[in-house]
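Dear colleague,

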Amino acid sequence: MLSRVAENVYWLSRYLERIENSARLINVYSRSLMDLPDVQSHDGWMPLISITGLDALYLKHYAEASAQDVTTFLVADERNPGSIINASIAIRNNLRSARDVFPKQLYQRISTLVRYVRSACEQGVTLANRRQVLEAIERQVLEISGAIHGSLRHDQAYRFTRMACYLERADMTTRVLDVPKSVTTPDGDTDFASNDHRDWMAALRSVSAMQMYRRHVRQPVNATGCLDFLLKDAQLPAACLFCLVRLDRCLEHFPNHDDARALVASLHARIDAVDTDALAADALARHRFLDAVQSDLLDIGDAITRAYFPPVPETA
């Protein structure tokens, strides 16, 4: 398999996972805030921007965080590199050079998703149609994910899609656990805050883990239980350790995997050893730990890129 094609397949899968996560996350927080009419608009919506780590970029273009502005920024604003519209454009570009990898029907499903996102953004994603649009996007991505698993031969291309998915999913899980760690004010200052029961419920719903939490943890939603479940559970697809174990299983099928697997093992040990009671009691310590995990995930992604997607040498 050509490294260029492998890289396109890998990034296409990462952007698909990112779109699904973003669509679900926006819907979950929208519903959560509807139950809290006394929350100031900026303080309520800014944590959603913080998940993406794009507070400064948002405040450069918008005076405050409102429901409509945050929705536009995360879904349809091409000035935001993490927006759903930009992810769909990246999917389209990667799909063009990887079309021989995917069965025809799967290729058509992905193309239909890209066209739907473009059309929805051109018509405008408003507070009135936001839920409908985002649910349609999430549903289409889930159908594509199922088709990839069910119709793509489980060879190198498939394993690149899975590695991308696990990296992106673990990153999102750490981000929803880290919010609302802080609220960036319109003046650019940052106030740290402790999570409450509503925040942990939202975190579980953001990664589709609420029902599984109730079924397996069997205790009221609380900080320690939520951190344990989303960081360490070995059978929950959104849990960080689940993603790292599966990522390692994919890597073992490839050559030149020593650096990436060593980083995966190191991060696995770090998460396995962390005291979740201590993280639950200290918002700043939790933020620092999750920030370090995100940095380690970036390093794993870089190691995969170095091993399998080397830069093409420039011709004279």
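**The aromatic cluster and the core**

One aromatic cluster is formed by Y10, W11, Y15, F160, F254, Y308 and F309. Please keep in mind while reading that this is a predicted model.

The structure holds twelve aromatic pairs. One of them joins F160 and F254 in a tilted arrangement, with 4.7 Å from centre to centre and 45 degrees between the planes. This pair links distant parts of the chain, since F160 belongs to helix α8 (residues 156–177) while F254 lies in the loop between α12 (240–251) and α13 (258–273), 94 residues apart. F160 has a relative accessible area of 3% and is therefore buried, the cut-off being under 20%, and F254, at 5% relative accessibility, counts as buried.

F160 also forms an aromatic pair with Y308, and this one is edge-to-face, at 5.9 Å centre to centre with 75 degrees between the planes. Here again distant parts of the chain are linked, with F160 in helix α8 and Y308 in helix α15 (residues 283–308), 148 residues apart; both F160 and Y308 are buried.

Turning to the nonpolar side chains, the largest nonpolar core has 107 residues, and I137 and I304 are those with the most contacts inside it. Helix α1 (residues 3–34) gives the most to this core, contributing 14 residues. Leaving aside neighbours within four places in sequence, I304 is in contact with Y10, M163, L167, L247, L251, A260 and F309.

Lastly, the charged end of R162 sits over the ring of Y166, 5.1 Å from the centre of that ring.

With best regards

Conventions
Residues are numbered from 1 along each chain as its sequence is written. This is a predicted model: local features need pLDDT of at least 70, side-chain atom pairs count only at pLDDT 80 or more; totals for chains, interfaces and linings use all residues. Side-chain values use heavy atoms; hydrogens and water are left out. A nonpolar core is a set of buried Ala, Val, Leu, Ile, Met, Phe, Trp, Tyr and Cys residues joined through side-chain atoms within 4.5 Å. Buried means under 20% relative accessible area, exposed over 50%, partly exposed in between (1.4 Å probe, protein chains only). Helices (H or I, at least four residues) and strands (E, at least two) are DSSP runs, numbered from the N terminus. Contact means heavy atoms within 4.5 Å. Rings of Phe, Tyr and Trp (its six-membered ring) pair if their centres lie within 6.5 Å; planes under 30 degrees apart count as stacked, over 60 as edge-to-face and the rest as tilted. A charge sits over a ring if NZ of Lys or CZ of Arg is within 6 Å of the ring centre and within 35 degrees of the ring normal.
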